[in-house]
Amino acid sequence: MALFDHAHQRVVLKIVYCGPGFGGKTENLAYLHRHAWRHSAPGNLIALATDTGRTLFFDLLPLALGRINGYEIALQLYSVPGQTFYEANRSRVMQGADGIVFVADSQASMFAANVESLYDLNRMLQSWGMGATEFPWVIQYNKRDLAEAMPIADLQEGLNPWGVPCVEATASAGTGVVETLRAITRVVVGGLQTRAALQQAIGAALAV
Ligand SMILES: Nc1nc2c(ncn2[C@@H]2O[C@H](COP(=O)(O)OP(=O)(O)OP(=O)(O)O)[C@@H](O)[C@H]2O)c(=O)[nH]1
Ligand SMILES: [Mg+2]
């Protein structure tokens with residue numbers, strides 16, 4: 001849960017990107033890192049990957065957003081490994097998340113993998129004593145550029161019976177990446193004024 005450090009007037013929000021293997025989670029963080037880097041807002045992108053670039057334990061991108069209502073706000077963006085056999089690593093990294101982005105792969109051939117990964121996410125939320133409608137999370141439909149991408153209506157019907165917010169993306173081109181980050185912070189942060197200030201701070205940090 002959000003780390004409030006009242007002594008130093010600092011709040012850290014932990015956002016975790018999960019979803020099927022090869023869906024584009026690391027690509028989201030890499031894009032945010034590249035774009036924030038020019039404005040010197042983020043720390044380093046720490047990527048713990050296999051030598052083929054698959055996430056092994058996690059990626060971590062810290063993003064400092066400046067002061068809101070007197071508090072220094074920082075996001076810690078994690079991506080977990082999507083591959084099924086890394087479940088133990090995944091659940092360890094997801095512990096304490098304030099919000100989750102489920103990166104779905106829009107390709108028809110990946111539909112079953114999306115369903116399996118969503119099942120995994122639901123089981124984890126249940127183990128935290130939460131239902132899927134009680135926890136702040138959003139779905140990103142990634143890889144919209146590919147010919148095999150399913151129509152959004154079909155993806156919504158098949159993958160999002162809860163009606164959580166969704167964003168279309170082509171992470172490799174950066175499309176929809178910042179919108180996704182805005183969407184998850186919108187559902188994580190309560191209070192309209194704080195929410196608006198946070199959206200502005202994200203825009204400033206990423207120059208969008
Ligand atoms: N065409 C296309 N390729 C994408 C898109 N997003 C990511 N990719 C590619 O898909 C591959 C997998 O992307 P990653 O970001 O490594 O996937 P991941 O979800 O982190 O995978 P794991 O770490 O194994 O769980 C890479 O080759 C990316 O460049 C997209 O929107 N369109
Ligand atoms: Mg990865």
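**Strand 2**

I began with strand 2, residues 10-18, and found that seven of its nine residues are buried, so the rest of the structure largely encloses it. For "buried" I used this cut-off: 20 or more other C-beta atoms within 10 Å of a residue's own, against 12 or fewer for exposed and partly exposed in between, with C-beta atoms placed from the backbone. Strands here are DSSP runs of E with at least two residues, helices are runs of H or I with at least four, and both are numbered from the N terminus.

A note to myself on the source: this is a predicted model, in which local features need pLDDT of at least 70 and side-chain atom pairs count only at pLDDT 80 or more, while totals for chains, interfaces and linings use all residues. Residues are numbered from 1 along each chain as its sequence is written, and chains are lettered from A and ligands numbered from 1 in the order in which they are written.

Which strands pair with strand 2? I counted two strands as paired if DSSP finds at least two bridges between them.

- Strand 1 (residues 3-5) runs antiparallel to strand 2, with three bridges, and Phe4 has Val11 as its bridge partner.
- Strand 5 (residues 71-79) is parallel to strand 2 and joined to it by eight bridges; here Ile15 stands opposite Leu77.
- Strand 6 (residues 99-105) is also parallel to strand 2, over four bridges, with Tyr17 and Val101 as bridge partners.

I also looked at the hairpin of strands 1 and 2: four residues lie between the strands, and Gln9 has a positive phi near 50 degrees.

Next I picked Val16, which sits in strand 2. Val16 is buried, because 25 other C-beta atoms lie within 10 Å. Its contacts (C-beta atoms within 7 Å, placed from the backbone) include Tyr78, Val93 and Ala97, leaving aside neighbours within four places in sequence. Ala97 is 81 residues away from Val16 along the chain, yet their C-alpha atoms are 6.3 Å apart.

Val16 is also among the residues with the most contacts inside the largest nonpolar core, together with Leu32, Leu77 and Phe102; this core has 52 residues. Such a core is a set of buried Ala, Val, Leu, Ile, Met, Phe, Trp, Tyr and Cys residues joined through C-beta atoms within 7 Å. Not counting residues up to four places away, Phe102 touches Cys18, Gly19, Leu118, Leu121, Trp137 and Ile139.

Phe22 is not a glycine, but its phi is positive, about 70 degrees. I found Phe22 in the loop between strand 2 and helix 1, and with 18 other C-beta atoms within 10 Å it is partly exposed. Lys143 also has a positive phi, near 65 degrees, in the loop between strand 7 (137-142) and helix 4 (152-159). Is Lys143 buried or exposed? Lys143 is buried, with 23 other C-beta atoms within 10 Å.

**Around ligand 1**

I then turned to ligand 1, which has 21 residues around it, Gly24, Thr26, Glu27, Thr55 and Gly82 being the nearest. A residue counts as near if its C-beta atom, placed from the backbone, lies within 6 Å. Helix 1 (residues 25-37) gives the most to this shell, three residues.

**The whole protein**

Last, I stepped back: the protein has six helices and eight strands, and 40% of its 208 residues count as buried.

Methods
Contact = placed C-beta atoms within 7 Å.
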